[in-house]
Amino acid sequence: MQQPKYQHTPHLYTSLPTPFHHRQRRRQRLGCILGCALLILAPLGCISAFLLGYILFPPAPLDLVILGVDARPGQGYLTRTDSVMVLNITPAEGKVSLLSIPRDVFITVPGYGEQRINTINVLGEQETPGSGGPALVKTSLQASFGISVERFVRLDFDGFIALIDALGGIEIDVPKQVVDYEYPAPGGGIITIEFQPGRQHMDGERALQYARTRHQDDDYRRAERQQQVIDAVVKKLSDPRSAVRWPQVVAVVWSHTDTDLNAWDMLKAAPALLVGWPGRDTRVIDRPDLVGTSAGYAIPDYEQLLPWMSERFD
């Protein structure tokens, strides 16, 4: 008779957790917690140290000219400016000032006499292509207003649209109806554009139309609308919810604008700009700020303007 075969199954021995194992797991969990805390606190510590140093040793004031050029595709920067603004940031006092100079105002241009401000960029680019325009604008502001402008930002229509779109659009409160039956179309010719009063969201193309239109009123009101757009951009940048868009905005600044600002300049200016912006001083050179000449063009009333400017710009 055949004996049944038995299969021997090896015994598995398991050990119960010991106090040593508990301590080891607690150390592992503690290490993970400390590691995560360091990842969070290290950047916060760096930011806190930077801000403390910023308050104790604030950077020097910065005067910056912003040039919006009326460039067509392939034209480059050899063109007139649609917008000229001078921005001052004074970190030590938390002050921000913004001055708009409408395009038909004549100022003193070294080597050229009195010229319409929107032509200075062209004159400089003819002398030194690529950099002569901003350089001549800087020296002209110095000669006319005594402002020592350190930096410039120059952008064309495509750069403006890209910047607004990188922010996800902006919010503008339109104070009154705007209708322009002769707005220049991108491909040539004219189109009709219209803005109804009230708060509204604008993408890059729509914001450009709002900033450029002038046929309903004049260049002075257009300069006010351009300051509205700048205000909306700064407010959007300072909104913590927009932080995820900052890298894209920086990428647009580097790729779509012409500037002599470097990363350190931006880092020094940004905190004071964002903090001081709500209490900023703004001004548009308007008709009461101008005097006529025998040649039939308008120049700034320097006696009236310079006291205001000397208090806010270096």
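1. Helices (H or I, at least four residues) and strands (E, at least two) are DSSP runs, numbered from the N terminus.

2. On the basis of the note: this is a predicted model, in which local features need pLDDT of at least 70 and side-chain atom pairs count only at pLDDT 80 or more, while totals for chains, interfaces and linings use all residues. Residues are numbered from 1 along each chain as its sequence is written, and side-chain values use heavy atoms, with hydrogens and water left out.

3. Both β2 and β3 belong to an open sheet of six strands, whose order is β11-β6-β1-β2-β3-β12 and whose pairing is mixed. At its edges stand β11 (257-259) and β12 (281-284), each of which pairs on one side only. From one strand to the next the twist averages 15°, with axes taken as lines fitted to C-alpha atoms and angles running from 0 to 180 degrees between N-to-C directions.

4. A separate hairpin is formed by β8 and β9, with five residues between the strands, and Gly188 in the turn has a positive phi of about 110°. Strand β8 (residues 178-184) and strand β9 (residues 190-195) run antiparallel and are joined by five bridges. Within this pair, Val178 has Phe195 as its bridge partner, and Asp180 stands opposite Ile193.

5. The largest nonpolar core has 26 residues, and those touching the most other members are Val65, Ile101, Leu141, Phe145, Ile285 and Met309. Such a core is a set of buried Ala, Val, Leu, Ile, Met, Phe, Trp, Tyr and Cys residues joined through side-chain atoms within 4.5 Å. At least two residues of this core come from each of β1 (62-69), β2, β4 (106-109), α2 (120-127), α3 (132-145) and α9 (302-310), and α3 gives the most, with four residues.

6. The count of cavities of 30 Å³ or more comes to one, and the largest cavity holds about 70 Å³ of space. A cavity here is a set of points on a 1 Å grid, over the protein atoms alone, where a 1.4 Å probe fits but cannot get out, and lining residues have an atom within 4 Å of a point; the volume is the space filled by probe spheres set on the points, which are joined across faces, edges and corners. Among the lining residues are Asp82, Met85, Arg103, Asp219 and Gln226, and β2 (81-90) and α6 (219-238) each supply at least two residues of the lining.

7. Asp265, in helix α8 (residues 263-276), counts as buried because its relative accessibility is 9%, the limits being under 20% for buried, over 50% for exposed and partly exposed in between, with a 1.4 Å probe and protein chains only. Asp265 and Arg151 are 114 residues apart in sequence, and their C-alpha atoms are 9.2 Å apart in space. Pro58, in the loop between α1 (19-56) and β1, is partly exposed at 32% relative accessibility, and its C-alpha atom is separated by 5.7 Å from that of Pro91, 33 residues apart along the chain.

Terms used. On a 1 Å grid over the protein atoms alone, a cavity is a set of points where a 1.4 Å probe fits but cannot get out, and a pocket is an open set with protein on both sides within 12 Å along at least five of seven lines; lining residues have an atom within 4 Å of a point. Two strands pair if DSSP finds at least two bridges between them.
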